[in-house]
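Dear colleague,

I am passing on the structure below, and after it you will find notes on what turned up when I went through it. Please read them with the structure open beside you.

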Amino acid sequence: EKVRWALDLIEAPYEEVTMGGLISAFFHGRSVPSMIDRKACTRIGNSDECLAYLSAVHCPTIADARARARAEALLRRDERTIAWEAKLSALGHLVQGWAYYYVLAAGTSCRLCLTAWGAYEPLVP
């Protein structure tokens, strides 16, 4: 979600495409969202790398100086923000582990897993 929030906050244009986790994992070897730069024919799959890309590639193209300064400030990385990102990433991994423990526990209905992977989403192929 942090990439989507950053895109919204810096008012960067983007297109969101719904894709099932299993399909993504099969084709791309991972189930996390990815950013595609159509000009460079590049796929970026790590949130931190997506934010670095936005800072380096998108921010310089923002015409309005005040909007560009706000976007650069939001995406700036320094010792403090890197430490904060590390704490949030660690927390995210703990939440993932907790969720997987309960979602994949013996006796749990497979319907929850299928729902989480997008099996019942009409836009997932």
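Arg-38 and Glu-15 are both exposed, a word that here stands for over 50% relative accessible area, with buried meaning under 20% and partly exposed what lies in between (1.4 Å probe, protein chains only). Their side chains meet in a salt bridge, 4.0 Å from N to O, where a salt bridge is a side-chain nitrogen of Lys or Arg within 4 Å of a carboxyl oxygen of Asp or Glu. Arg-38 lies in the loop between strand 1 (35-37) and strand 2 (42-44) and Glu-15 in the loop between helix 1 and helix 2 (21-28), so the pair ties together parts that are 23 residues apart in sequence; helices (H or I, at least four residues) and strands (E, at least two) are DSSP runs, numbered from the N terminus.

This is a predicted model, in which local features need pLDDT of at least 70 and side-chain atom pairs count only at pLDDT 80 or more, while totals for chains, interfaces and linings use all residues. Residues are numbered from 1 along each chain as its sequence is written, and side-chain values use heavy atoms, leaving out hydrogens and water.

The salt bridges come to 3 by this rule. Another of them joins Lys-2 to Asp-48 at 2.7 Å, N to O, linking distant parts of the chain, since Lys-2 is in helix 1 and Asp-48 in helix 3, 46 residues apart. Lys-2 is partly exposed at 29% relative accessibility, and Asp-48 is also partly exposed, at 25%. Arg-77 pairs with Glu-85, their closest N and O atoms being 2.8 Å apart; Arg-77 is partly exposed at 43%, whereas Glu-85 is buried at 16%.
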